[in-house]
Amino acid sequence: MQVLRRYFRTPPQPGEIVHAFSGVRPLYDDNADNPSAVTRDYVFEVDGAEGAPPLLSIFGGKITTYRRLAEQAMQRLAPWFPKLSSAWTANRPLPGGDVGGSFDDFSNGLVRDYPDLPRTLIQHYARLYGTRARTLGAGPYLRRSGPSFRR
């Protein structure tokens, strides 16, 4: 609850929390003598007999390489899925990244649409969620009746 006090005058109560997430970064045990020397790269293992669905296990990796990891994962699965298309994600916007013009214009539009909220909060949400920030606008956290945000 202490971390919530940084952002809320009155932190949400446990019954008001809709979702929680914790990211874990598993590292592949490459038998390095020094734990800090363990590889940060990812390693694939594919198990699957002919005619049986494959099991793809991914060990390690970093969030910053997720697109390349996903493309390589699909390449590894291609023998089981011959109709897969070639890689296409490199030039596609991430969910919420389709702001349609300049980011400043998009962010200023959100500020205009939510005049009761602090500009810094709206800009923060714009950076984190992009066009999905409007989904927050439909929920309790961006309505005046929702939790009281610090200014």
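**Is arginine 134 buried, partly exposed or exposed?**

Solution. The model is predicted; local features need pLDDT of at least 70, side-chain atom pairs count only at pLDDT 80 or more, and totals for chains, interfaces and linings use all residues. Residues are numbered from 1 along each chain as its sequence is written, and side-chain values use heavy atoms, with hydrogens and water left out.

Step 1. Take the cut-offs: buried is under 20% relative accessible area, exposed is over 50%, and partly exposed is in between (1.4 Å probe, protein chains only).
Step 2. Arginine 134 has 35% relative accessibility, so this residue is partly exposed.

**Exercise 1. Find the salt bridges in the whole structure and place their residues.**

Solution. Step 1. Side chains of opposite charge can pair when their charged atoms come close. A salt bridge needs a side-chain nitrogen of Lys or Arg within 4 Å of a carboxyl oxygen of Asp or Glu.
Step 2. The search finds two.
Step 3. One joins arginine 134 to aspartate 113, with the closest N and O atoms 2.7 Å apart. Arginine 134 sits in helix α5 (residues 133-137) and aspartate 113 in helix α3 (residues 103-113), so this pair ties together parts 21 residues apart in sequence. Helices here are DSSP runs (H or I, at least four residues), numbered from the N terminus. Aspartate 113 is partly exposed, at 42%.
Step 4. Another joins glutamate 71 to arginine 68, at 3.5 Å from N to O. Both lie in helix α2 (residues 66-77), three residues apart, which is about one helical turn. Glutamate 71 is buried at 16%, whereas arginine 68 is partly exposed at 41%.

**Exercise 2. Count the aromatic pairs and classify the pair of phenylalanine 103 and phenylalanine 106.**

Solution. Step 1. Rings of Phe, Tyr and Trp (its six-membered ring) pair if their centres lie within 6.5 Å; planes under 30 degrees apart are stacked, over 60 edge-to-face, and the rest tilted.
Step 2. The count is three aromatic pairs.
Step 3. Phenylalanine 103 and phenylalanine 106 have centres 6.0 Å apart and planes at 50°, a tilted pair. Both lie in helix α3, three residues apart, about one turn. Phenylalanine 103 is partly exposed at 34%; phenylalanine 106 is buried at 10%.

**Exercise 3. How are the rings of tyrosine 125 and tyrosine 129 arranged?**

Solution. Step 1. Their centres are 5.7 Å apart and their planes meet at 45°, so the pair is tilted.
Step 2. Both tyrosine 125 and tyrosine 129 lie in helix α4 (residues 119-129), four residues apart, about one turn of the helix.
Step 3. Tyrosine 125 is buried at 14%, while tyrosine 129 is partly exposed at 37%.

Terms used
Helix = DSSP H or I, 4+ residues; strand = E, 2+ residues; numbered from the N terminus.
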